[in-house]
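Here are my notes on this one, as numbered points. Have the model open while you read.

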Amino acid sequence: MSETATPSQTKTGNRSSLAQELLVPVLAVVTGLIIGAIVIVASGANVFDAYGALFTGSFGSPIRLIEGLQVYFSTGETKELLRAIYPFTESLVTATPYIFAGLSVALGFRAGLFNIGAEGQFFIGALCSAFVGYSVKGLPMIIHLPLAILAGALGGALWGMIPGYLKAKFGAHEVVNTIMMNWIAFRLSDWLLNGPMKASGFRPVTPNVLPTAELPRFFDDPLRFNLGFFLALLVAYLVYWFLFKTTTGFEIRSVGANPDAAKYAGMSIVKNLVLVMALAGGLAGMAGSAQVLGVDHWVGQGFSAGYGFDAIALALLGKSHPFGVVLSALLFGFLRSGATNMQSRAGIPIDIISIIQGLVIVFIAAPAIIRWFYRIRSIKTEETVLTRGWGK
Amino acid sequence: MTTTTMELSTSAEKRKRISYGMTLLVAGLLIYLLFGLTTQAGVSTTFGLNLAGSQAIEVSDFVVPAQLTVNLMAAIAAFAGAYQLAKGIRSTGWLIGILAVTFVIAFLTWAAQDKSFNLTGMLGSSLVRATPIALAALCGVISERSAVINIGIEGIMLMSAQTAVVTATVSGNLYVGLIAAILVGALVAAFHAYLVIRFKVDQVVSGVAINIFGTGFTSFISSRFLQKATDTLNNSGTFPIISIPGLSKIPILGPVLFENNIVIYLMILLVVVMHIMLFYTPWGLRTRAVGEHPKAADTLGINVYLVRYVNVILGGMIAGLGGAYFTIGSVGRFDEIMTAGKGFIGLAAMIFGKWNPIGAFTSSLIFGFADSLQVKLQILRVPIPSEFLLMAPYIVTMIILTGVVGRAIPPAADGQPYEK
């Protein structure tokens, strides 16, 4: 959190504190991977095969890349090259919804709210985008695509706003309520996918969205790299600008840092909590939009599985800063994308990533463990208030 | 000063009285419109009171005329609403009770018109379904009374559930599985306690980490080992039903309360024991002191950290028992993410029960009832999509949390780390 540094700090002071800030997250991830390796060894698999597959699955094989470049320069044939960069672009594709979802949770943390409901908001957003994407016909892309994204954002915003309102008005804890909203979203989607939104055929999935609602892709199939990634980066910058350069952003951070003081300063707690949860829901909804419009083009059951908890890990890892979230989303994108390869090549279930994530969260939340383990001197950093007890 | 506060409170009370009265009136109207008008005339509803295969003495089933019953319920709700508006019934509990009872009876009568609905079976399955929720809630009560929030119950239950079934299958003894599950619960809870007490980690964050880790770890083990070797690792069988001699002969209550397996008996026992322990023993007094005002407790020579460690670990053992219920207590095998949010619903039950063991148990029963109701309704082919019925427990949780039943006040120091 370099932005929390006081203005009087010198440039070098800032730089060294940034290095200090990065040290614990990096060591947390490294330690998580080491313990993950121990789990892999304990489960009777070869850790070098596993992590090798993880690497080639996330970045691609360097040998193939060189070969691809050779072929491209000698013959102008791009097929080999595209195949070589496929894993890398696929990792960016995986990172895209993570950026949105991580921003959603990070924004909540900034206001002292714990949004565990990103998963439900993601699903609702995806369903809304899909609905606009396949049902509204005859629009040009320039209108249809933004409309589909907006629908996803609004759907997610509604899903986030309900717990926000209940928290602000009645003090009902958002942790329980967002989880309940998740389950309601899953049941609702079960019904929608088996009924009103079901495509013709046997499977409970929505119809494909129309080409005018698809996020444009940069390469031919099977490369799915699309505009969504850059949209995510843009939104991350907007969230940064909103949080740190606008009055409302300042109010939100004040409410998060000290609600009593914010109240005395005349800031409306109710307004800010509802606003933050709506925005957080909207961001998670856009994660769903990006996934359905950019990658899958249809929504099926279990579409959002795991994104909610991943998003929490992302926000913690990124220290609730939009740019930190982008970096950690890229990390998770590479991990997840590589883990798929690890599952098929080395037979390691993809759930190993959840184990590593759980550990990383513990290490980030308890930096003392990492400091003790690596014998790092403790430095005094400003702590972000993450959550409070029940409805206080 | 005093007069203004009094005026404020009376106007607030008046508003409350009117809103409750209106709610009941609207409920009466809704019952009439939704169920009364759609119930066929001259048809009766049968409420079965006997359970097939139980030892209870048989009693005759309870048959009511459907339309008359539904309309009667509408009238009772409306009358109670009108009375509340005019005179005011003081007790909120009664109002909620009338609302719930009239609505549920009308709904069941409507849903089962011209058919038979087994009430005893329904109550029995409510208790069974309430068991994991109640155990999660008791885990919450015991740790939060010492001011440690444990939101990782879901993860603890998953890990215990898996441990239980694997150890029971390998050892061939269900009780070994039960003990292993309780030990795993204690171990994970001890880790949580260590993080939040020693390192002052945010309690909710630590709990979430436990949930993520628990979900990932159990799914990892499940897809790497259990799915390939179901018979040798993931097939334990379940605890037998134990009928308590004599008591199980009582009609209705017998099959509901006294023909269950050991986990359910242990759960009921725990509710009673924890109530006595919390409110009638020095340990309970210390726990509550630590939860309300740790500084004062510390001054009086109570070891705040020790009390918290002990309570969180005891809570973990209870959650471990809850985890064991999922596998060796009900289906005899482990499925990925089989807890399906029960740990969180347990936390809602704890809040609804105002951090009291008996309150937590009662509210778990309500969730259990809502849960088993949707199953029965699917069997009755009620013209409501089953997905919406499945939402019911979650919606009930949210409504409860909004404080319809009056604001629930947690222990004063709940969620705060203690620094000497």
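1. How many residues of chain B are in contact with chain A? In this predicted model, 41 residues of chain B touch 41 residues of chain A, with contact meaning C-beta atoms, placed from the backbone, within 7 Å. On the chain B side, α7 (203–226), α14 (342–352) and α16 (386–401) each supply at least two residues, and α7(B) gives the largest share, 14 residues. By class that side has 26 nonpolar, eleven polar and four charged residues (Ala, Val, Leu, Ile, Met, Phe, Trp, Tyr, Cys and Pro count as nonpolar; Asp, Glu, Lys and Arg as charged; the others, Gly among them, as polar).

2. Now the sheet in chain B. It is open, with three strands in the order β2-β1-β3 and mixed pairing; β2 (62–65) and β3 (116–118) are the edges, each pairing on one side only. Helices (H or I, at least four residues) and strands (E, at least two) are DSSP runs numbered from the N terminus, and pairing takes at least two DSSP bridges.

3. Strand β1 (residues 44–48) of chain B runs antiparallel to β2(B), joined by four bridges. Ser44(B) has Pro65(B) as its bridge partner in β2(B).

4. Helix α2 (residues 66–86) of chain B lies across β1 and β2 of that chain, at about 75° to β2(B) (axes are fitted to C-alpha atoms, for helices over the stretch in contact; angles run from 0 to 180 degrees between N-to-C directions).

5. On confidence: chain B averages a pLDDT of 84, with 94% of the residues scoring at least 70 (pLDDT is per-residue confidence, from 0 to 100). The complex gets an ipTM of 0.77 and a pTM of 0.83 from the predictor.

6. Bookkeeping: residues are numbered from 1 along each chain as its sequence is written, while chains are lettered from A and ligands numbered from 1 in the order in which they are written. As this is a predicted model, local features need pLDDT of at least 70 and side-chain atom pairs count only at pLDDT 80 or more, whereas totals for chains, interfaces and linings use all residues.

Note on methods
Two residues are in contact if their C-beta atoms, placed from the backbone, lie within 7 Å. pLDDT is the predictor's confidence in each residue, from 0 to 100.
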